[in-house]
Amino acid sequence: EGCVKTNLCAIEESPCLISFCRNNECLTSSKIPNSCPDTGDLCMVASCNENDECVNEPVVCTSTDLCLAPACNPEDGTCLFPEVDCDDNDPCTDDSCSEGVCSNVPKDCNPTNNLCLATECEADTGRCILSNIVCDDDVACTVNSCDPLVGCTYEPDDARCTSDDVCVESLGCDLELGCLKQNLTCADDSDFCTIEYCKPFEGCAVVQKDCTVDENNETKSSEGSGCGVINYCDSEESRCAESDIACVIPVAAVVTASVLGTAAVVGIVVGIVVAVALCAGGAGVYQVYKNTEPDAAGAVSTNPLYTASEQGGNNPLFRE
């Protein structure tokens with residue numbers, strides 16, 4: 001049959017290696033292409049590992065953009081480069097990626113930054129709802145308004161602080177305290193025995209000083225060395241004074257004009273008046289009477305005992 005040649009370098013069939021003889025030496029080399037079986041997955045590549053064994057490795061897709069997510073298309077084995085999914089499933093956030101990092105910031109419903117608008121994002125739909133803000137500082141005398149660039153503004157309006165009461169003076173509008181007011185101070189007439197005050201809705205008025213009460217508004221004692229004490233205000237000396245009341249038996253209870261003549265009655269009355277004047281501590285009956293009766297001057301001038309003094313002034317019996 002002839003000569004038969006035998007390959008002394010033959011090895012078991014391997015999908016990754018081939019054997020051959022060179023210079024009387026057996027050598028092996030990787031089989032290119034290898035004969036590893038195909039898996040049918042276009043995104044898998046059959047190859048030989050370092051041990052010359054068949055392995056199936058996925059197709060590697062890469063990108064320098066960290067916000068892309070490369071992936072193999074199983075339909076044709078090509079690489080796809082979709083964006084990284086940063087969706088947080090919140091309609092009211094804007095989702096984005098930067099350098100491979102996701103961020104989810106609240107949706108800007110006021111891109112013009114109008115400070116007079118109140119914004120709200122509807123959670124279910126992500127729709128922006130806009131409404132005008134209400135500027136109210138709870139101060140009645142300020143004018144409230146809104147400026148789109150600065151927001152709410154509050155200006156004082158002094159005209160809103162006027163009062164219908166003439167006894168109340170307006171000091172204007174304060175941004176925090178509201179209307180500032182003070183009671184009207186009536187001019188002092190320099191009379192110790194008068195008190196100036198402002199009567200609501202009418203104006204300044206004067207009343208006589210009450211000397212029958214002390215500084216604690218308690219009634220002073222009316223007891224004296226005689227039949228009591230009269231408390232009165234002395235304008236000339238600018239003080240509250242008091243005078244003892246003389247104990248005198250009423251003339252009418254003792255004698256009448258039908259028993260004595262008119263001259264006798266007048267004489268008795270004059271004597272009583274003199275006694276009262278002396279007991280009044282020198283203050284004078286007229287002075288006491290004038291400070292306790294509103295029409296003292298008229299009553300004295302019509303008294304039959306009253307006669308004008310030649311030196312001027314009042315009857316000496318009723319001296320001040």
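Cys167 lies in the loop between E12 and strand E13 (168-174), while Cys198 is in strand E15 (residues 194-199), so the pair ties together parts that are 31 residues apart in sequence. The sulfur atoms of Cys167 and Cys198 are 1.9 Å apart. Both Cys167 and Cys198 are buried. Here, buried means under 20% relative accessible area, exposed means over 50%, and partly exposed is in between (1.4 Å probe, protein chains only).

## About the model

You are looking at a predicted model, in which local features need pLDDT of at least 70 and side-chain atom pairs count only at pLDDT 80 or more, while totals for chains, interfaces and linings use all residues. Residues are numbered from 1 along each chain as its sequence is written, and side-chain values use heavy atoms, with hydrogens and water left out.

## The whole chain

How many helices and strands does the protein chain have? There are 3 helices and 18 strands; these are DSSP runs numbered from the N terminus, with helices (H or I) of at least four residues and strands (E) of at least two. The protein chain has 320 residues, and 20% of them count as buried.

The protein chain exposes about 22,300 Å², with carbon and sulfur atoms supplying 51% of that area. Accessible areas come from the Shrake-Rupley method with a 1.4 Å probe, and for residues only the protein chains shown count as cover. A contact means heavy atoms within 4.5 Å. Among the contacts in the protein chain with a separation of 6 or more, residues 24 or more positions apart account for 26%.

## Two other disulfides

A disulfide is a covalent bond between the sulfur atoms of two cysteines. By the distance rule, the count comes to 16 disulfides. One of them joins Cys16 to Cys48, with an S to S distance of 2.0 Å. The link of Cys16 and Cys48 is left-handed, with -95° about the S-S bond. Cys16 sits in the segment before strand E1 (17-22) and Cys48 in strand E3 (residues 44-48), so this pair links distant parts of the chain, 32 residues apart. Is Cys16 buried or exposed? At 1% relative accessibility, Cys16 counts as buried, whereas Cys48 is partly exposed at 27%.

Cys135 and Cys152 also form a disulfide, their sulfur atoms 1.9 Å apart. With -80° about the S-S bond, the link of Cys135 and Cys152 is left-handed. This pair links distant parts of the chain, 17 residues apart: Cys135 is in the loop between strand E10 (128-132) and strand E11 (142-147), and Cys152 is in strand E12 (residues 151-156). Cys135 is buried, with a relative accessible area of 13%, and Cys152 is partly exposed, with 30%.

## Around Cys102

Where is Cys102 found? Look for strand E8 (residues 101-106). Cys102 is partly exposed, with a relative accessible area of 35%. Not counting residues up to four places away in sequence, Cys102 touches Val84, Asp85, Cys86, Ser96 and Cys97. Cys86 is 16 residues from Cys102 along the chain, and the C-alpha atoms of the two are separated by 5.4 Å.

## Salt bridges

Now for some charged side chains. A salt bridge is a side-chain nitrogen of Lys or Arg within 4 Å of a carboxyl oxygen of Asp or Glu, and a search of the whole structure finds 4 of them. One of these joins the side chains of Arg127 and Glu122 (3.4 Å, N to O). Arg127 is partly exposed, with a relative accessible area of 47%, and Glu122 is partly exposed, with 27%.

The side chains of Asp157 and Arg160 meet in a salt bridge as well (3.4 Å, N to O). Asp157 counts as partly exposed at 24% relative accessibility, and Arg160 is partly exposed with 44%. Which residue forms a salt bridge with Glu202? The partner is Lys199, and the closest N and O atoms are 3.6 Å apart. Glu202 is exposed, with a relative accessible area of 58%, whereas Lys199 is partly exposed, with 37%.

Conventions. A disulfide is a pair of cysteine sulfur atoms within 2.5 Å.
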